[in-house]
Amino acid sequence: MQTLFLSRAAALATGALLTLATPALASDSTEKSHDHDHDHSHSDSKQQAEIYKGYFEDSQIEARALSDWEGDWQSVYPYLVDGSLTPVMAHKAAHGDKTAEEYRAYYEIGYATDVDRIEIVGDQVTFHEGDTSVSGTYADDGYEVLTYKKGNRGVRFIFQKTEGDEDAPDYIQFSDHRIAPAKADHYHLYWGDDRAALLEEVTNWPTYYPADLTVDQIVEEMTAH
């Protein structure tokens with residue numbers, strides 16, 4: 001479990017070439033243009049789905065700014081504990097290789113954290129644990145690509161504390177299934193004082209969704225994947 005204050009472990013343009021075409025030719029051209037756009041959109045969606053699953057080329061990775069994760073975020077761990085995510089576990093069981101109980105046990109380890117809220121404004125990150133909070137200023141420290149047992153991969157986007165509260169972690173590492181600049185809709189966060197050691201952590205990944213989402217909206221988001 002990532003406990004901050006006690007252990008500190010823790011992604012068109014189409015040219016009009018025939019302006020004097022007959023109606024028949026114009027119609028045919030439009031249909032082809034629409035087909036091309038549809039194919040392009042389908043290809044992009046398929047590519048994004050593969051990236052989400054962790055299959056991509058190194059050449060597709062791009063640096064990202066902390067602003068991709070800016071906002072007010074809530075931990076989903078309390079919702080797992082109180083049973084609100086039971087429909088999510090049932091959905092995963094219906095489409096996966098574990099029972100709902102086995103998925104819950106897996107996410108119990110994955111989501112576990114005492115940091116129930118995170119605020120990111122500019123380069124400032126504030127970690128809330130109940131009524132207690134610590135803050136730090138963070139700067140880009142690159143990214144690392146991890147290869148998992150299944151053969152898929154993930155990218156950790158890393159930021160290092162440059163100043164702030166002593167108890168704020170020296171490093172934070174974001175993983176949100178994206179590999180290029182894009183606003184996050186949720187993310188997994190790793191934090192601590194040892195950059196290399198954090199990269200070895202693959203079982204506990206506290207997960208955060210926008211603070212203004214209701215639990216029903218979070219369940220809807222989770223079951224959409």
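Author: S7 and S8 run antiparallel and are joined by 2 bridges. Keep in mind that this is a predicted model. Across that pairing, His-188 sits opposite Thr-207 of S8. The two also meet through their side chains, with a polar contact of 2.7 Å between Thr-207 and His-188.

Let's stay with Thr-207 for a moment, which has its place in strand S8. Buried or exposed, then, for Thr-207? Thr-207 counts as buried because its relative accessibility is 2%, and the cut-off for buried is under 20%. Leaving out residues up to four places away in sequence, Thr-207 touches Gln-74, Ser-75, Val-76, Tyr-111, His-186, Tyr-187 and His-188.

Now over to S7, where 6 of 6 residues are buried, so the strand is mostly covered. In a regular strand, side chains alternate between the two faces of the sheet. In S7, Tyr-187, Leu-189 and Trp-191 point one way, while His-188, Tyr-190 and Gly-192 point the other way, and all of them are buried. S7 has another partner to look at: strand S6 (residues 171-175) pairs with S7 in the antiparallel sense over 5 bridges. Within that pairing, Gln-173 has Tyr-190 of S7 as its bridge partner.

On to the open space. The largest pocket has a volume of about 1500 Å³, and 43 residues line it, with Tyr-106, Tyr-107, Lys-150, Asn-152 and His-177 lying nearest its centre. Both of our strands turn up here: S7 (187-192) and S8 (207-210) are among the elements that give two or more residues to the lining of the largest pocket, along with helix H1 (23-53), helix H3 (86-95), helix H4 (100-111), S4 and S5. H4 gives the most to that lining, with 5 residues. Sorted by class, the pocket lining has 19 nonpolar, 14 polar and 10 charged residues.

Strand S4 (132-147) and strand S5 (153-164) are the elements that give two or more residues to the cavity lining. By class, the cavity lining divides into 5 nonpolar, 1 polar and 2 charged residues.

Technical notes
Residues are numbered from 1 along each chain as its sequence is written. This is a predicted model: local features need pLDDT of at least 70, side-chain atom pairs count only at pLDDT 80 or more; totals for chains, interfaces and linings use all residues. Side-chain values use heavy atoms; hydrogens and water are left out. Helices (H or I, at least four residues) and strands (E, at least two) are DSSP runs, numbered from the N terminus. Ala, Val, Leu, Ile, Met, Phe, Trp, Tyr, Cys and Pro count as nonpolar, Asp, Glu, Lys and Arg as charged, and the others, Gly among them, as polar. On a 1 Å grid over the protein atoms alone, a cavity is a set of points where a 1.4 Å probe fits but cannot get out, and a pocket is an open set with protein on both sides within 12 Å along at least five of seven lines; lining residues have an atom within 4 Å of a point. Grid points are joined across faces, edges and corners, and a volume is the space filled by probe spheres set on the points. Buried means under 20% relative accessible area, exposed over 50%, partly exposed in between (1.4 Å probe, protein chains only). A polar contact is a pair of N or O atoms within 3.5 Å; within protein, one must be able to donate a hydrogen and the other to accept it, and residues adjacent in sequence count only if both atoms are side-chain atoms. Contact means heavy atoms within 4.5 Å. Two strands pair if DSSP finds at least two bridges between them.
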